[in-house]
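Subject: Structure handover

Hi,

Here is the structure I said I would pass on. Have a look at it, then read on for my notes.

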Amino acid sequence: MSAPQLQSLPFDRIKIDKSFVTSLLSDSQSDAIVSTVLALGRALNLPITAEGIEDDGTRDRLTSLGCSDGQGWLFGKAVSGETISAKFGV
């Protein structure tokens, strides 16, 4: 894909895949990839969400890299849309 093709896509958020996040603390390549994706998001002024945050150490490392949005078991288990609707009346 060329740069103009990439720039024409309607990105509104970048999500960092769980596979990089879960190995962030144990693999220097994952750390480098996550750091680079975060830098890209900042340069493009796009919000970034890290997926698969399962422990405080990973959350702390992401925070130190400047990632403030995340999802994963650390914050709670996944629930269905029906459960959310019933609980919050939406």
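First, the ground rules. This is a predicted model, where local features need pLDDT of at least 70, side-chain atom pairs count only at pLDDT 80 or more, and totals for chains, interfaces and linings use all residues. Residues are numbered from 1 along each chain as its sequence is written, and side-chain values use heavy atoms, leaving out hydrogens and water.

Let's start with the sheet. Helices (H or I, at least four residues) and strands (E, at least two) are DSSP runs, numbered from the N terminus. An open sheet is built from 3 strands in the order 1-2-3, with parallel pairing; two strands pair if DSSP finds at least two bridges between them. Strand 1 (14–16) and strand 3 sit at the edges, each pairing on one side only. From one strand to the next, the twist averages 25 degrees. Strand 1 pairs with strand 2 (residues 48–51) over 3 bridges, in the parallel sense, and I16 is opposite A50 in strand 2.

Across strand 1 and strand 2 lies helix 3 (residues 28–43), running at about 170 degrees to strand 1. For that angle, axes are lines fitted to C-alpha atoms (for helices, over the stretch in contact), and angles run from 0 to 180 degrees between N-to-C directions.

Leaving aside residues up to four places away in sequence, V34 touches I16, F20, L24, L62 and L65 (contact means heavy atoms within 4.5 Å).

Next, Q71, which is in strand 3 (residues 69–71). Beyond residues up to four places away in sequence, Q71 touches K15, T49, A50, E51, G52 and I53.

Last, S23, in the loop between helix 2 (18–21) and helix 3. S23 counts as buried because its relative accessibility is 17%.

Cheers

Note on methods: Buried < 20%, exposed > 50% of the residue type's maximum accessible area, 1.4 Å probe, protein only.
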